[in-house]
Amino acid sequence: MKRTLPAIVTTAEMQAIEGAMFKAGFPVPALMEKVGQRLSDFLQREFPRARYPHVGVLAGPGHNGGDALVVARELWHQGYGVKVWQPFERLKPLTADHARYARFLGLPFVEAVDSLQAVDLIVDGLFGFGLERELTGDLADAIDQINTWRQPRVSIDVPSGLHSDMGAVLGRAIQANRTLCLGLWKRGLLVEEAQPWVGQGLLIPFDIPAAVIEAALATAPRRYCLDASCWQSLPLGRSPITHKYQQGQLLLIGGSAQFGGSILLSALAARCSGVGMLVVAVPQSLKPLLLMRVPDAVVVGCPETAGGAIARLPESLDLAQFSAIACGPGLTPEAVPVVEAVLQSRRSLVLDADALNILAKLTPWPLPHPTILTPHYGEFRRLFADLVTAAGDRLDQVTAAAARSNAIVVLKGARTAIASPQGNLWINPQSTPALARGGSGDVLTGLIGGLLAQQEALAAACGGVWWHAQAAIQAERQVTSLGVHPEHLIAHLLPTLQAALTAGV
């Protein structure tokens, strides 16, 4: 990556970072004012008073509640009708000060949570990061009630009741439509299972010095969030005197009589990557289809099994000539000799779909370096069955899988995670359920394969995942999540990249 991506931290790491800032002389009240103002500015932009005139603020006993009270005060000054529900008697001193001043200004504090039912927006500041105990009793009942209301709910830092490291619900949790994460991304917000409570996550920075972050994370594995700067890692710069053989050569292998469209989608996506030469190996019977739809590719027809799968690769196909090989879409489990040949090629690899299912049955795994594995969670369970039961949540599991396999593992999902053999982790915080559709993964395979033929593996994986998700988001804006079929997704790849270039993020 050409610039440092936003870090993902645990509760202990964030506490160490804030502690270092306070020790260096940054006052706690100043941080609360800064955070509260930035939250207020965001809410005024996204929830203008003309449409959301009445705001209900849930204020907890700690500093998260203090942040919420600053927000309440600032919105009140801007003419919003604000009501505060603060169901706690014992407050941290700074939070108590803000509550006293809010009462002095005349902000109404309500006794019962149902007094907020008619407001237009809920701001959740009951609990922030670091909550460990389960929420029970009257508080849990109140959260259940709030979650049934129809107005949008915005959580400050972490939805109240969600574990900020594991993403687990501690008895009850606010189901936020948006979560405004403060300073640095909290690990629990990016766990797959937390997404129904997190909603749309957005990072609200508050100018943490880079040296403080570096010192706090110096001995820890690095975790990063992909963001719009990922376009800078794509292979966009070209010499004016380059030619096709200097822009990478990709071999795509896949397809069968049963799954003829998968490899076509991969090929259409791969050529969007700008790869110089694209060669596609398919069963002989699929060759006319590929030639018709991808006329710029060299299409190699392969001998077929009785079931229409590739029986073997032709002897005339020299795997050593390729910069990268992507194998798996539409392959079927019959194509064991194909996967064995690819594993012996010593080329940079992307393995997906049935190439992964075949790999799961082979021992040992002679994976060349670099290899990128792109499983969804079902394929991941077949590849790393013991890790699924022994290695914690999905983020722990993918990290352990990358270390074991000595490969870059791209675990696809609502929050796609990318792990390196060195123990580092990258997570894509922006995606859409529009990608929950057959063929979306084939598009990603072709895109990453084309990028891998032109650049190093980690940049190809991170850049491909970000680009793929952003194209889906752009497509969804045009046709809703129901209309983003794979060819529509492919059609948005290059316009999405052009938009990022134009924006110059």
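Two strands count as paired if DSSP finds at least two bridges between them, and strands (E, at least two residues) and helices (H or I, at least four) are DSSP runs numbered from the N terminus. This is a predicted model, in which local features need pLDDT of at least 70 and side-chain atom pairs count only at pLDDT 80 or more, while totals for chains, interfaces and linings use all residues. Residues are numbered from 1 along each chain as its sequence is written, and side-chain values use heavy atoms, with hydrogens and water left out.

Ten strands form an open sheet of mixed pairing, in the order β10-β19-β18-β17-β16-β15-β14-β11-β12-β13. Because β10 (223-225) and β13 (298-302) stand at the edges with a single partner strand each, one side of each is left without a neighbour in the sheet. Within the sheet, β11 (residues 249-253) and β14 (residues 324-327) run parallel and are joined by four bridges, with Leu-251 standing opposite Ile-325 in β14.

The structure also holds 18 salt bridges, each a side-chain nitrogen of Lys or Arg within 4 Å of a carboxyl oxygen of Asp or Glu. One of them joins Arg-73 to Glu-33, with the closest N and O atoms 2.8 Å apart, and this pair links distant parts of the chain, Arg-73 lying in helix α3 (residues 63-77) and Glu-33 in helix α2 (residues 28-46), 40 residues apart. Arg-73 counts as buried at 10% relative accessibility, whereas Glu-33 is partly exposed at 29%; buried means under 20% relative accessible area, exposed over 50%, and partly exposed in between (1.4 Å probe, protein chains only). Glu-33 and Arg-73 also belong, with Glu-74, to a network of salt bridges.
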